[in-house]
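Let's take a walk through this structure together, one region at a time. Have the sequence and the 3D view ready, and follow along.

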Amino acid sequence: MYFLIFTLIPGIIAFFVMRNEKSAIPEGQVDESPLSGNVWWYVLILDLLAPIISASIFYYGWKKRLPKKAKTANNLGWLAILVWVVVWIGGPILLSSISS
């Protein structure tokens with residue numbers, strides 16, 4: 001069940017968001033606009049749910065035609081991985097210090 005919530009569903013949604021943004025650019029052209037608006041929030045939320053999978057989908061899907069968006073999505077993925085590490089390592093330490 002958790003596999004679906006934290007891996008498969010965010011990966012599928014990330015693929016469709018990536019494909020939707022990429023399809024707006026004509027074949028052979030490069031868009032240098034930054035990631036903004038609702039798409040920025042979609043990328044952040046999906047990266048927080050499944051950082052490695054969704055960040056990879058966004059980065060490798062966008063890196064040739066949307067390089068700035070790909071870089072931003074990749075950076076948000078690294079930020080999400082850092083958040084996961086802090087929660088998984090810092091959370092138990094914090095909880096053990098509170099309960100003692």
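A nonpolar core is a set of buried Ala, Val, Leu, Ile, Met, Phe, Trp, Tyr and Cys residues joined through side-chain atoms within 4.5 Å. Keep in mind as you look that this is a predicted model. In soluble globular proteins, nonpolar side chains tend to be buried together. Here, the largest nonpolar core has 15 residues. Those with the most contacts inside this core are Leu35, Val39, Val43, Phe58, Trp62, Ala73 and Leu76.

Which elements give two or more residues to this core? They are the helices α1 (2-23), α2 (37-49), α3 and α4. The most comes from α2, which gives four residues.

Setting aside its neighbours within four places in sequence, Leu35 is in contact with Trp40, Val43, Trp62, Lys69, Thr72, Ala73 and Leu76.

Next, find Glu21, which sits in helix α1. Is Glu21 buried or exposed? Its relative accessibility is 18%, so Glu21 counts as buried, since buried means under 20%. Not counting residues up to four places away in sequence, Glu21 touches Val39, Trp62, Leu66 and Lys69.

Now move to the loop between α3 (51-62) and α4, where you will find Arg65. With 16% relative accessibility, Arg65 counts as buried. Leaving out residues up to four places away in sequence, Arg65 touches Lys22, Ile25, Pro26, Glu27, Gln29, Val30 and Asp31.

Let's finish with the aromatic rings. A pair of aromatic rings is described by the distance of the centres and the angle of the planes. How many aromatic pairs does the structure hold? There are five. One of them joins Tyr59 and Tyr60, with 5.1 Å centre to centre and 80° between the planes. This pair is edge-to-face, because planes over 60 degrees apart count that way. Tyr59 is partly exposed at 28% relative accessibility, whereas Tyr60 is exposed at 56%.

Another pair is formed by Trp84 and Trp88, and this one is stacked: the centres are 6.2 Å apart, with 15° between the planes. Both residues belong to helix α4 (residues 67-99), and because they are four residues apart there, about one helical turn separates them. Trp84 is partly exposed, with a relative accessible area of 27%, while Trp88 is exposed, with a relative accessible area of 58%.

Note on methods. Residues are numbered from 1 along each chain as its sequence is written. This is a predicted model: local features need pLDDT of at least 70, side-chain atom pairs count only at pLDDT 80 or more; totals for chains, interfaces and linings use all residues. Side-chain values use heavy atoms; hydrogens and water are left out. Rings of Phe, Tyr and Trp (its six-membered ring) pair if their centres lie within 6.5 Å; planes under 30 degrees apart count as stacked, over 60 as edge-to-face and the rest as tilted. Buried means under 20% relative accessible area, exposed over 50%, partly exposed in between (1.4 Å probe, protein chains only). Contact means heavy atoms within 4.5 Å.
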